[in-house]
Amino acid sequence: MDWPLSVALAHSVPELPTGTDWSYEMKLDGHRMIMWRTDDGVRLQARSGRDVTAAWGDLALAGHHLPAGTVLDGEAVITTEDGRISFEAAQARAASSPTRAHRLAAQHPAHYIAFDALQLPSPNGDTRARPYSERRAALLSLLAELPANTPIQAVSATTDRDTALTWYDTLHQGIEGIVAKRTTSPYRAGRAGAWLKIRHAETIEATVAGFTSTARQPKALAVRLPDGRVALSQRLTTALATRIAPRLVPQPGRAHTQDGDAYTPVSGEIVVEVVAGTTRHAVVTVVRLR
């Protein structure tokens with residue numbers, strides 16, 4: 001299995017699917033992460049393919065308890081003092097220097113919530129072609145061998161749709177929604193697989209067309225929505241601006257949104273997840289960098 005690995009993604013749907021061949025998982029509000037336990041140590045990969053080991057050293061340390069040859073897919077989450085999962089805290093950690101990340105880890109240790117086993121130690125190897133039900137069983141068996149105080153845990157899952165709906169209706173803080181996966185399905189990169197999601201606040205993916213202010217400290221992004229419109233986002237959080245800034249490559253000149261707002265265009269393809277309003281000015285809130 002070669003680094004970096006392309007991750008599986010879910011399609012948004014208005015309601016949970018029915019049938020006996022579905023498993024339903026909680027969708028947590030954190031940072032997607034692939035955990036690689038190699039012969040030499042642990043490497044952590046973001047959804048984009050970047051190496052993010054330095055920002056999540058506490059999880060890398062915990063990963064050493066996994067047997068060499070293990071590759072897991074999951075979500076890095078941070079819980080605050082009041083017991084809630086905080087995406088803002090995870091975002092701040094992801095945008096930190098190694099020194100600051102170490103300090104933040106001491107204040108708010110991270111958890112790695114695994115939802116798939118993509119590779120198992122020899123002689124098993126790559127498991128992506130196996131059915132989800134087999135991969136889930138292998139994941140639970142693997143994690144059962146870890147120390148009792150490990151921050152590496154399996155995501156909550158059920159095959160009972162009513163239970164999943166109860167989770168969706170009652171759990172909101174730190175729980176984005178529910179992901180449904182066919183129990184017979186293999187793990188396929190992109191949205192080619194049988195993963196479906198319903199979310200409390202529906203988001204969409206958009207490409208970055210430009211930014212306002214400076215590339216080093218962008219205030220807002222101009223994003224190209226699926227219908228072709230380009231709209232300015234609301235003001236970026238400091239953590240999100242810090243993460244996006246290094247990837248902005250300004251182009252000469254100025255461009256304008258359909259509403260007449262000016263922005264500096266960029267080259268390359270940067271994908272962000274946004275909540276887009278339906279007003280005339282298409283208020284857009286950038287949720288995260290993809």
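**Legends: overall fold and the Asp73 site**

View 1. Of the contacts (heavy atoms within 4.5 Å) between residues at least 6 apart in sequence, 65% join residues at least 24 apart. The model is predicted: local features need pLDDT of at least 70, side-chain atom pairs count only at pLDDT 80 or more, and totals for chains, interfaces and linings use all residues. Residues are numbered from 1 along each chain as its sequence is written, and side-chain values use heavy atoms, without hydrogens and water.

**View 2. Secondary structure and dimensions.** The chain holds six helices and 18 strands, taken as DSSP runs (helices H or I, at least four residues; strands E, at least two) and numbered from the N terminus. Its radius of gyration, over C-alpha atoms, is 20 Å, close to the 19 Å from the globule rule for 290 residues, so the chain is as compact as a globular protein of that length. The rule is 2.2 Å times the number of residues to the power 0.38. The C-alpha trace spans about 55 × 45 × 40 Å along its principal axes.

**View 3. Burial in the chain.** Of the 290 residues, 52% are buried (under 20% relative accessible area, 1.4 Å probe, protein chains only).

**View 4. Asp73 in strand β5.** Strand β5 covers residues 70-78 and includes Asp73. Asp73 counts as buried because its relative accessibility is 0%. Its side chain makes a polar contact with the side chain of Arg32 at 2.7 Å (a pair of N or O atoms within 3.5 Å; within protein, one able to donate a hydrogen and the other to accept it, and residues adjacent in sequence count only if both atoms are side-chain atoms).

**View 5. Surroundings of Asp73.** Neighbours within four places in sequence are left aside. Asp73 then contacts Arg32, Met33, Ile34, Tyr112, Ala114, Phe115, Asp116, Leu118, Tyr187 and Trp195.

Note on methods. Buried < 20%, exposed > 50% of the residue type's maximum accessible area, 1.4 Å probe, protein only.
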